[in-house]
Protein chains: 2
Amino acid sequence: MRRAMSFSPNKYKTSFNSMPNKDVLKGDWLPNISVDCVIFGFQENHLKVLLLKFRNNEIWSLPGGFIGKEEDADEAAKRILWQRTGLENIYLQQFHTFGDLKRNIGAIEKHEEINLAMGRSNEDLKWLSHRYITIGYYALVEYSKVKVTLNDVSDDSSWMDVDQIPSLFLDHTEIVKTGLAHLRSSIDTKLAAFNLLPETFTMSELQQVYETILGKELVRTNFQRKMLSLDILERIEKKYSGGAHKAPYLYRLDKKKAEAFLTSAS
Amino acid sequence: MRRAMSFSPNKYKTSFNSMPNKDVLKGDWLPNISVDCVIFGFQENHLKVLLLKFRNNEIWSLPGGFIGKEEDADEAAKRILWQRTGLENIYLQQFHTFGDLKRNIGAIEKHEEINLAMGRSNEDLKWLSHRYITIGYYALVEYSKVKVTLNDVSDDSSWMDVDQIPSLFLDHTEIVKTGLAHLRSSIDTKLAAFNLLPETFTMSELQQVYETILGKELVRTNFQRKMLSLDILERIEKKYSGGAHKAPYLYRLDKKKAEAFLTSAS
């Protein structure tokens, strides 16, 4: 897709040209528009989503934020991800904009509840009680590299299994589901799954990521044949393992071949 | 895709529950957010896009508009399509939101030029000189059914060949390209192409639509085999043609089978 933010598996991720501007962080925001991020990570064969809990509340939500008046929407999404995870060069994909009126039903009451629990002023509430149309992005991160930083309205975070997410703030449950559907549909054409893995991986680890995203088992021989036929993988020389069993081959993505594949697939 | 607005080829399109609200038409709009529509039609084996020309200017643009403060974003897109084409039940798909700062570079000057040529007041300019993030939708229409109605800032419209579009207003050229890429990528999973055809069609007409959208020739026997294997087409009994040559079979989509296919593909 022309508008995909970047193709950036592993070590050769497109770098962000500029770190978030401090003036933008202080905030002079566009009204009525927000950004919400579905941050996917892969841990112990489970696909996880990073969620934040509102301070002194049991309400969980996606990491999100607003767009500076002098900031690209995509840059806002990158900034929000950097602020929450400490990661700069992550695979990020805009997938859908949520503009239903009903997504804001009950929003003011929710915000009142949250503000009350946090002892915040009505000034904050006034800003938050706008109707928001939110742009959904999903990110794929290496779970082990994330250092979660809470924002000023959160007091806890959690990586929750995508199949076991509780009822979330506003329409965030729907945003997660829609993001997952888009991730699934882009697994073949965008090589999205590789962004969840470290630089080197076994074929079995790769298959587990695919199976977890797709939510179904795949036949090992077929999967391996398909992956090798894409001609994007580099097999790394085996080190002597000393064990009785053959160590599995390690692979990594071949940068140039992967880019050629993506160009031809788009 | 869960968020696809509707699957609505031909006669069994999902109907819009409500016609645009007159109060919304009078306008109390969300600031900073707009909607732009890439309306695709198929005419004489060409894929066309409906464009509007600003009054007393040679600047062409996509049909677009704003979102009412009490209106869903999707409803706004439907309303704008209805206002410009007279069509209610058309296939409509949100595909990308354009939020770069640079899309507004020169926008005020462009609007000044347009307003000046139309003899409009600075009040209008003030509203239009906001920074806009625009939600892109594409629509697939039966070309012959469209009755174009100009808006109050346009004095001409044209169905332009998608390969021969002039430089458009702001980033509208990029919006068309991105919309086309999304249409191409959804041709198999969403049966999008059928929305460009009348209720009944020959296999050859169907192939022409596919070839035009994809921008490449397809092998006739393979295409026919693939289409029949989807098990979504109903072959209509031939009428006696009276001619020396065999008349080609006519087909139409089988509603239930098409829906089952879409459910399994999403």
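How much area is buried between chain A and chain B, and what percentage of it do carbon and sulfur atoms give? In this predicted model, local features need pLDDT of at least 70 and side-chain atom pairs count only at pLDDT 80 or more, while totals for chains, interfaces and linings use all residues. Residues are numbered from 1 along each chain as its sequence is written, chains are lettered from A in the order in which they are written, and side-chain values use heavy atoms, leaving out hydrogens and water.

The area buried between chain A and chain B is about 2700 Å², with 56% given by carbon and sulfur atoms; buried area is the accessible area (1.4 Å probe) that two parts lose on being put together, summed over both. Across this interface, 31 residues of chain A are in contact with 32 residues of chain B, contact meaning heavy atoms within 4.5 Å. The count of salt bridges between the two chains is zero, a salt bridge being a side-chain nitrogen of Lys or Arg within 4 Å of a carboxyl oxygen of Asp or Glu.

In chain B, the side chains of B:E142 and B:K145 meet in a salt bridge (3.2 Å, N to O). Here B:E142 counts as buried at 11% relative accessibility, whereas B:K145 counts as partly exposed at 38%. A network of salt bridges links A:K53, A:E58 and A:D155.

B:Y138 is buried, with a relative accessible area of 1%. Its contacts, leaving aside neighbours within four places in sequence, include B:V38, B:F40, B:L92, B:F95 and B:L183. The side chain of B:Y138 also makes a polar contact with the side chain of B:S186 (2.9 Å). A polar contact is a pair of N or O atoms within 3.5 Å; within protein, one must be able to donate a hydrogen and the other to accept it, and residues adjacent in sequence count only if both atoms are side-chain atoms. The C-alpha atoms of B:Y138 and B:T178 are separated by 9.8 Å, with the two residues 40 apart along the chain.

Note on methods:
Buried means under 20% relative accessible area, exposed over 50%, partly exposed in between (1.4 Å probe, protein chains only).
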